Every structure is written in structure tokens, then in C-alpha cells.
Amino acid sequence: RTATFLALGAIFLWGSLAPLGVLLKHVPVFLVTGLSLVAGSLIALPLSGGKLARLIVPPRTLLLGIYGLFGYHFLLFIALRNAPPVQANLVNYLWPLGIVLMAPLFLPGMRLRPTHVAAALLGFAGAAMAILGGSSGGSGSQAGAQGGFAWGYVPAFVSAFVWSSYSLLTQRVPPFPSAAIGVFGFVSGVLSLLCHAVLEPAVTLSASDWALIAAMGLGPLGASFYLWDAALKRGDPRQIGVLSFITPLLSTLALLWVRQETPSLSVALSAALIIGAAVLGSRAK
């Protein structure tokens with residue numbers, strides 16, 4: 001139960017990422033990401049009890065953290081720039097499915113049972129319906145599904161693999177406190193700011209921009225990572241992976257709320273599928 005609550009905390013925070021991103025859409029993405037990750041890394045200070053030695057991890061573990069936090073966001077932003085955003089987001093949300101299906105490959109002693117597979121596929125169907133259905137009406141109609149192939153789908157798929165493999169591989173390195181996630185975030189944030197300096201134009205941020213970036217850093221690009229790591233250390237990654245399909249549903253509902261739009265029938269059906277998947281996955285042993 002502790003792992004479930006921790007995972008749900010991370011998932012609810014990630015659900016706020018899209019609306020915050022909409023409010024900051026005028027700010028270059030690597031600048032937003034870099035500043036938010038650096039802000040989120042400060043959470044590590046109280047978590048470490050003021051003992052900076054607790055934040056030191058072996059080089060291999062640090063590289064894994066950079067691979068997960070920086071690699072995932074870098075590939076996702078490249079994908080969103082070079083593919084229709086709805087489909088790219090849908091491909092990216094293969095990562096919960098990857099956690100469920102790859103757990104036996106990365107973690108010894110785990111077996112993949114038919115119930116896990118069924119729950120994962122049901123959850124992905126619900127996630128797909130939430131994303132496609134949530135963008136099909138109102139002001140989001142022009143952002144709906146588009147046909148054809150775009151090369152941006154490749155980094156979207158790789159980003160999904162990166163996050164699912166990172167989530168599982170954190171259990172294969174020497175144990176480290178969740179406070180050390182702050183080091184991953186700080187280094188990843190600095191790398192994102194370097195990408196901003198090279199790839200994006202310089203901008204001046206307003207007071208409201210700084211406030212929104214701070215909210216993003218404390219929430220979906222900060223506290224969520226600590227909660228996620230703590231959940232994976234305590235729970236079954238297959239069940240946590242199934243729960244993660246709640247993220248796109250929450251994200252879609254939050255976007256509809258920001259746009260002052262009414263959820264469609266497909267969003268309601270997606271909620272039923274995702275809840276059913278979560279219940280099914282929680283019963284799998």
C-alpha cells in the first residue's frame with residue numbers, strides 16, 4: 001500500500017505537467033526543463049537531512065540517473081517537435097507497458113503472468129483513448145490525430161524505452177537513498193540549460209513565468225521523481241507500471257479543465273479502461 005500511494009503521488013504530479021506546459025508554451029522547452037529540474041533538485045537537501053554525503057552515488061549510478069531524467073526529456077522534446085504531438089505522446093506512453101513487459105528481463109526472480117499482460121494492454125488502450133479522445137473536440141481539434149509517418153516517432157519510442165528501462169535498472173545498481181535523485185535532476189537540468197543555450201533563442205522571463213517554473217520544479221519535474229523512486233524501491237514494478245496508465249488520463253482531464261472544455265465520451269470510457277486495468281494489475285501476483 002505504501003508503494004501504491006507513493007506511485008500515485010508521482011502520477012498525480014505528472015498529470016499536472018501538461019497544463020503547466022501549456023501555460024509556459026511561450027518559453028523555450030529546454031529552458032523550462034532545465035530550470036525546473038534544477039529547482040526540483042533542491043528538494044534533496046531536506047531529504048538528506050543536511051548530510052551531503054548521502055547524495056554521493058557511484059559514477060555508474062549517476063550515469064543511469066542522467067540517462068533517465070535527461071535522456072527521456074531530451075528525446076521526448078525532439079519527438080514532439082518532429083511528429084504530430086498527439087501520436088508522439090501516445091507512442092511515448094508505451095513506457096508503462098514497457099515497465100510491465102520488461103520487468104522479468106531486468107529484474108531477477110520476476111515472472112510475467114497473463115494477468116499482467118492483459119492489464120498492461122487494457123491500460124494502454126485506455127491511455128490511447130484518453131489522448132486521442134481528449135484532443136478530438138473544441139479548440140484541440142486541430143491538434144488531433146494526423147495520418148502518415150513522421151521520423152519523430154522514433155525518438156518518441158526510444159524515450160518510452162529510456163524511462164521504462166531507467167525505472168527498472170535503478171533496482172539493479174547499488175542501493176542509494178531517494179534523496180540522491182536530486183543529483184540526477186541537477187546534472188540533467190544543467191545539461192538541459194546547455195541545450196537551451198545551443199538550440200534555442202534567449203528570452204526574458206516574467207514573474208509569473210518564474211512562479212510557474214517553480215511549481216513545475218517542485219511538482220512534476222521534482223517531487224514526482226523522488227516519490228517514483230521510493231515507490232519502485234518498495235513495490236512490484238509490474239503493478240506500478242499498470243497504475244502509471246492513469247497519467248495520460250489525468251493529463252488529458254487537466255488540459256480540458258485549463259481549456260474549459262467538457263470531457264468527451266471517449267475520455268469517460270478511457271477512465272473505465274484504466275481503472276479496470278489498475279484493479280486487474282493490483283490482483284496479479
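Biologist: What volume does the largest cavity have?
Modeller: The largest cavity has a volume of about 40 Å³. Keep in mind that this is a predicted model.

Biologist: Which residues line the largest cavity?
Modeller: The lining is made of Leu37, Gly40, Ser41, Leu69, Ile181, Gly182, Gly185, Leu221, Gly222, Phe225 and Tyr226.

Biologist: And which element gives the most to that lining?
Modeller: That would be α11, with four residues. At least two residues each come from α3 (29–41), α10 (181–199) and α11 (207–234).

Biologist: How many nonpolar, polar and charged residues are in the lining of the largest cavity?
Modeller: Six are nonpolar and five are polar, with no charged residues.

Biologist: How many cavities of 30 Å³ or more are there?
Modeller: The count comes to two. The second largest cavity holds about 30 Å³ of space.

Biologist: What lines the second largest cavity?
Modeller: Its lining consists of Trp163, Tyr166, Thr170, Ile181, Phe225, Trp228, Asp229 and Leu232. Two or more of the lining residues come from each of α9 (153–169) and α11. Here α11 gives the most, with four residues. By class, this lining has six nonpolar residues, one polar and one charged.

Biologist: Switching topic: where does threonine 247 sit?
Modeller: Threonine 247 is in helix α13, which covers residues 246–259.

Biologist: Is threonine 247 buried or exposed?
Modeller: Threonine 247 counts as buried because its relative accessible area is 1%, and the cut-off for buried is under 20%.

Biologist: What does the side chain of threonine 247 reach?
Modeller: The side chain of threonine 247 reaches the backbone oxygen of serine 244, at 2.9 Å.

Biologist: Which residues does threonine 247 touch, not counting those up to four places away in sequence?
Modeller: Threonine 247 touches Ile11, Trp14, Gly15 and Tyr93.

Biologist: Last thing, confidence. What is the mean pLDDT of the protein chain?
Modeller: The mean is 83, and 90% of the residues reach 70 or more.

Biologist: Where does pLDDT stay under 50?
Modeller: That happens over residues 136–143. The model has 11 contacts beyond four places in sequence for that stretch.

Biologist: Great, thanks for the tour!

Note on methods. Residues numbered from 1 in each chain as written. Predicted model: local features only at pLDDT ≥ 70, side-chain atom pairs only at ≥ 80, totals over all residues. Heavy atoms only, no water. Buried < 20%, exposed > 50% of the residue type's maximum accessible area, 1.4 Å probe, protein only. Polar contact = N/O pair within 3.5 Å; in protein donor to acceptor, adjacent residues only side chain to side chain. Contact = heavy atoms within 4.5 Å. pLDDT = per-residue confidence, 0-100. 1 Å grid on protein atoms, 1.4 Å probe; cavity = no way out; pocket = protein on both sides within 12 Å on 5 of 7 lines; lining within 4 Å. Points joined across faces, edges and corners; volume = space filled by probe spheres on them. Nonpolar A, V, L, I, M, F, W, Y, C, P; charged D, E, K, R; others polar.
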